Amino acid sequence: MKRLAKLTTALLAGALLAFPAMSAELRIGLQDDADVLDPAQSRTFVGRIVYTALCDKLVDVSPDLKIVPQLATEWKWSADGKELTMKLRDGVRFHDGTALDAAAAVATIERNMTLPESRRKSELTSVAKVEASGPLEITFTLKAPDVTLLAQLSDRAGMIVSPKAARELGANFGSRPVCAGPFKFVERVQQDRIVLEKFADYWDKDKILIDKVTYLPIPDTTVRLANLRSGDLDFIERLAPTDVASVKSEAGLKFDSVVNIGYMALYANIGNGPRADNPFGKDKRLRQAFSLAIDRDALNQIVYEGTAVGGNQPYPPNSPWYNKAIPVPARDVDKARALIREAGLDRVPVELQIPNNPVAAQMMQIVQSMVAEAGFDVSLKSTEFATLLDEQTRGNYQLSRSDWSGRVDPDGNIHQFISCKGGINDTKYCNPEVDKLLNEARASTDDAVRKQKYDAAGVILNDELPVIYLGHQSWIWAYKKNVTGFVPSPDGMIRLQGVKKG
């Protein structure tokens, strides 16, 4: 009997060796399906989430919104701000086994600048040329100083792809993307799933504790949460604020949120065609009164269940670019009324254009009620978001609610909206002094100097209020209790370094 027991034990041990342990798979529910998986061509937010696992960039963004090394280990600007030199990490390989070197990085940047289908061209307009200045060193030569280039390289414009795969696949690169991230592409079924598996030769492989990651697009927030609760998902992004309390109370789930780097705002038509010719567009005192009549903290608490924060600047209060000398104003109805009287008016009619989604509608109905107490008679005009943006562009509005997802460099949250010739300056606000400050901030490589310029511009904008900032939403995630190591970031990305599924 003893000999039989020993034999059975040996057979069982052999069987265990023959069948390896089950690999850890993380199933992530996304709000939407990603578009084409080519960093040069894509434009969706959820696509960027997938890239966080698939495609490393020259630089990354830390949770405290600093630019940090990734494929580039260090960089420096020339004294005149017109050259950026970056040293690349040694020993990095693409998923097809080819080496990542200076030539590969140059090939990717040039592809982003020249591929007919590329959406990165506008992000790299300041680049005159990029060249290999060493085996593991590249140098960007700029047409004019542009410190915002680093922030562009922390996103899709800086994702380095395999030149071999790019040559072979051309515009169809997204069908079989080959990058240098921690996970490599396995398969994609449109509107169903994107599957990646751990890349054995990843340069930082010791921090990758998941063997496989599957992204599943589930647009309905209720269904997404139901799949998490049932165990079909391990992790979901953009939990609905109304579900936060129930998730927090569930023993088997965890919750994280962080204020994002974008904003919610109202755009006033200052000079965009005939509809700007009204007291609200012409007299800053009325815009100041409107702003003072809003209780931003109450507004965001009610609508977003405490997950959003009040704001009055293009950057959230947790951003290093936020000007603490201009805090979020407390509601002051008496002062608002006084400003309206000072402008020679008693009641002020305002048409407010809003997107036709229930959360925005609820928020603007509350604003409508708040400002009525000060003397504003607001009529709400609801429209599809694409139509709303078109109306803003054409100047067919008086006041319009539109949000911005945010960029890590402050320039991306302000310059194009406020400068005289800004690409999406729908208010047509134009102040040469503000332009001068913003252009000087863009050209400086010294963050302290840039902060002074943005602060000075902010003082002017806070007085003239072409844009009335309301606050900042949060990115909200929910996940299973056995998932550990996730670090929330204001850019909304799901970075899998250190993430483990127990």
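Biologist: On a 1 Å grid over the protein atoms alone, a cavity is a set of points where a 1.4 Å probe fits but cannot get out. How many cavities of 30 Å³ or more does a search of the whole structure find?

Modeller: The search finds two cavities of that kind. Please note that this is a predicted model, in which local features need pLDDT of at least 70, side-chain atom pairs count only at pLDDT 80 or more, and totals for chains, interfaces and linings use all residues. Residues are numbered from 1 along each chain as its sequence is written, and side-chain values use heavy atoms, with hydrogens and water left out.

Biologist: What is the volume of the largest cavity, and which residues are closest to its centre?

Modeller: The largest cavity holds about 130 Å³, a volume being the space filled by probe spheres set on grid points that are joined across faces, edges and corners. It is lined by 16 residues, and Asn312, Gln313, Pro314, Gly458 and Leu461 are the closest to its centre. A lining residue has an atom within 4 Å of a point.

Biologist: Which element gives the most to that lining?

Modeller: Helix α16 gives the most to the lining of the largest cavity, with five residues. Two or more residues come from each of α16 (447-464) and β18 (467-472). Helices (H or I, at least four residues) and strands (E, at least two) are DSSP runs, numbered from the N terminus. The lining of the largest cavity divides into ten nonpolar, five polar and one charged residue. Here Ala, Val, Leu, Ile, Met, Phe, Trp, Tyr, Cys and Pro count as nonpolar, Asp, Glu, Lys and Arg as charged, and the others, Gly among them, as polar.

Biologist: And what lines the second largest cavity?

Modeller: The second largest cavity, with a volume of about 50 Å³, has a lining that includes Leu65, Ile261, Tyr315, Trp321 and Arg407. Seven residues of this lining are nonpolar, two are polar and two are charged.

Biologist: New topic. How many disulfides are there in the whole structure?

Modeller: There are two, where a disulfide is a pair of cysteine sulfur atoms within 2.5 Å. One joins Cys55 to Cys179, with 2.1 Å from S to S. Cys55 lies in the loop between α2 (45-54) and β2 (59-61), and Cys179 in the loop between α5 (163-169) and β8 (183-189), so this pair ties together parts that are 124 residues apart in sequence.

Biologist: Why is the disulfide of Cys55 and Cys179 called right-handed?

Modeller: The torsion about its S-S bond is about 55°, so the disulfide is right-handed.

Biologist: Which cysteines form the other one?

Modeller: Cys420 and Cys430 form a disulfide, with their sulfur atoms 1.9 Å apart. Both cysteines lie in the loop between α14 (411-418) and α15 (432-443), so the pair ties together parts that are ten residues apart in sequence.

Biologist: Are these cysteines buried or exposed?

Modeller: Cys55 and Cys179 are both buried, whereas Cys420 counts as partly exposed at 25% relative accessibility, as does Cys430 at 48%. Buried means under 20% relative accessible area, exposed over 50%, and partly exposed in between (1.4 Å probe, protein chains only).

Biologist: Why is helix α9 said to be largely enclosed?

Modeller: Seven of the nine residues of α9 (residues 284-292) are buried, so the rest of the structure largely encloses this helix. Leu286, Arg287 and Phe290 are among those buried.

Biologist: Finally, how many aromatic pairs are there?

Modeller: The count comes to 15. Rings of Phe, Tyr and Trp (its six-membered ring) pair if their centres lie within 6.5 Å; planes under 30 degrees apart count as stacked, over 60 as edge-to-face and the rest as tilted. Phe235 and Tyr479 are stacked, at 5.0 Å centre to centre and 10° between the planes. Phe235 lies in strand β11 (residues 235-237) and Tyr479 in strand β19 (residues 474-480), so the pair ties together parts that are 244 residues apart in sequence.

Biologist: What kind of pair do Trp404 and Phe417 form?

Modeller: Their pair is edge-to-face, with 5.0 Å centre to centre and 75° between the planes. Trp404 and Phe417 are both buried.

Technical notes:
On a 1 Å grid over the protein atoms alone, a cavity is a set of points where a 1.4 Å probe fits but cannot get out, and a pocket is an open set with protein on both sides within 12 Å along at least five of seven lines; lining residues have an atom within 4 Å of a point.
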